[in-house]
Amino acid sequence: MLKPSFVPDQSQQDLRDLTRLRVHLIRDRTQLINRILKVLQQGGIKLSGVLSHVMGVSGRAILQALCAGERDPERLALLVQKSVAHKHVQLVEALTGDLRPHHQFLLCELLSLLEGLERSIKHVEQEIEQRLRPEEEKLARLEQITGVSRHTLHLLCAEVGLNLSRFPDAARLASWSGMVRCITRLNIPGTARKNSKGGSWVNGLPHIERSWGTVACH
């Protein structure tokens with residue numbers, strides 16, 4: 001007499017594999033960036049204090065120059081885009097450090113890993129787009145919702161699907177997707193809350209997308 005669990009068809013399960021892989025790759029990318037910033041700090045380079053996106057166009061140009069052996073703060077500061085050229089004095093100060101050959105080696109290896117990881121992310125995203133091409137018309141309409149990005153829709157399609165008839169109403173969909181929290185033991189004050197089984201991926205969407213950010217930022 002129990003109601004059957006929501007078991008998606010094979011195509012949706014395959015799509016889940018792809019979107020979840022993308023999430024894992026994005027998290028790996030964030031960890032790599034943090035390690036790059038740590039190496040810079042160890043070498044006395046405080047680039048993150050001047051550039052809001054160290055892995056943007058300007059930041060990457062400086063990092064590539066550091067990997068190539070450039071150490072002159074004045075020349076490094078001239079590599080930035082025009083939009084941040086007014087920060088020249090701050091950049092020179094931030095780039096005046098003691099980056100040793102050891103740091104240079106670590107930086108080059110980490111940047112190489114990052115570039116490979118970003119290629120994989122793009123490749124996975126292209127495959128997701130290919131799988132969802134038959135639903136392009138629906139996705140284009142849903143993308144008009146404020147605050148909903150293309151990648152958010154991809155993950156929602158994989159986790160929830162486009163056929164919502166399996167959910168009796170919006171409240172149950174919200175509960176399944178983890179937007180409504182549940183308490184494990186109601187009789188114990190202050191008991192920790194947890195997500196429903198279906199919501200572990202959907203509920204983390206805002207954080208996932210923030211961690212990816214925009215690679216092409218200045």
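First, a term. Buried means under 20% relative accessible area, exposed means over 50%, and partly exposed is in between, with a 1.4 Å probe and protein chains only. A second term: helices (H or I, at least four residues) and strands (E, at least two) are DSSP runs, numbered from the N terminus.

Now the ground rules. This is a predicted model, where local features need pLDDT of at least 70, side-chain atom pairs count only at pLDDT 80 or more, and totals for chains, interfaces and linings use all residues. Residues are numbered from 1 along each chain as its sequence is written, and side-chain values use heavy atoms, with hydrogens and water left out.

The overview is quick. The protein chain has 10 helices and 2 strands. Along the sequence the pattern reads α-α-α-α-α-α-α-α-β-β-α-α. Of the 218 residues, 37% count as buried. Contact here means heavy atoms within 4.5 Å. Take the contacts between residues at least 6 apart in sequence: 65% of them join residues at least 24 apart.

Let's start with helix H7, residues 150-159. How many of its residues are buried? The count is 8 of 10, so H7 is mostly covered. The buried ones are Arg150, Thr152, Leu153, His154, Leu155, Cys157, Ala158 and Glu159. After H7 comes glycine 161, with a positive phi near 90°.

Next, what does H7 pack against? Two packed helices are described by the angle between their axes and the distance between the axes. Axes are lines fitted to C-alpha atoms, for helices over the stretch in contact, and angles run from 0 to 180 degrees between N-to-C directions. H1 and H7 pack at about 140°, with axes 8 Å apart. That makes H1 oblique to H7. The cut-offs: under 35 degrees counts as roughly parallel, over 145 as roughly antiparallel, 65 to 115 as roughly perpendicular, and the rest as oblique. The H1 and H7 crossing is left-handed. Left-handed means the near helix is turned anticlockwise from the far one by less than a right angle; clockwise is right-handed.

Who meets whom? On the H1 side we have Gln12, Leu15, Arg16, Thr19, Arg20, Arg22 and Val23. On the H7 side they meet His151, His154, Leu155, Cys157, Ala158 and Glu159. By class, that contact has 5 nonpolar, 4 polar and 4 charged residues. For the classes, Ala, Val, Leu, Ile, Met, Phe, Trp, Tyr, Cys and Pro count as nonpolar, Asp, Glu, Lys and Arg as charged, and the others, Gly among them, as polar.

Look at glutamate 159, in H7. Is glutamate 159 buried or exposed? Buried, because its relative accessibility is 1%. Its side chain makes a polar contact of 2.8 Å with the side chain of arginine 20. A polar contact is a pair of N or O atoms within 3.5 Å; within protein, one must be able to donate a hydrogen and the other to accept it, and residues adjacent in sequence count only if both atoms are side-chain atoms.

Aspartate 17 sits in H1. At 52% relative accessibility, aspartate 17 counts as exposed. Aspartate 17 and glutamate 159 are 142 residues apart in sequence, yet 10.0 Å apart in space, C-alpha to C-alpha.

On to H5, residues 101-131. The axes of H1 (residues 10-42) and H5 come within 9 Å and cross at roughly 160°. The two are therefore roughly antiparallel. H1 passes H5 in a left-handed crossing. Their contact divides into 20 nonpolar, 4 polar and 9 charged residues.

Two residues in H5 deserve a look. Glutamate 125 is in H5. At 8% relative accessibility, glutamate 125 counts as buried. Its side chain has a polar contact of 2.9 Å with arginine 22. Another, of 3.4 Å, goes to the side chain of histidine 151.

Arginine 131 is also in H5. Arginine 131 is partly exposed, at 41% relative accessible area. Leaving aside neighbours within four places in sequence, arginine 131 contacts Asp14, Leu15 and Leu18. The side chains of arginine 131 and glutamate 127 make a polar contact of 2.8 Å.
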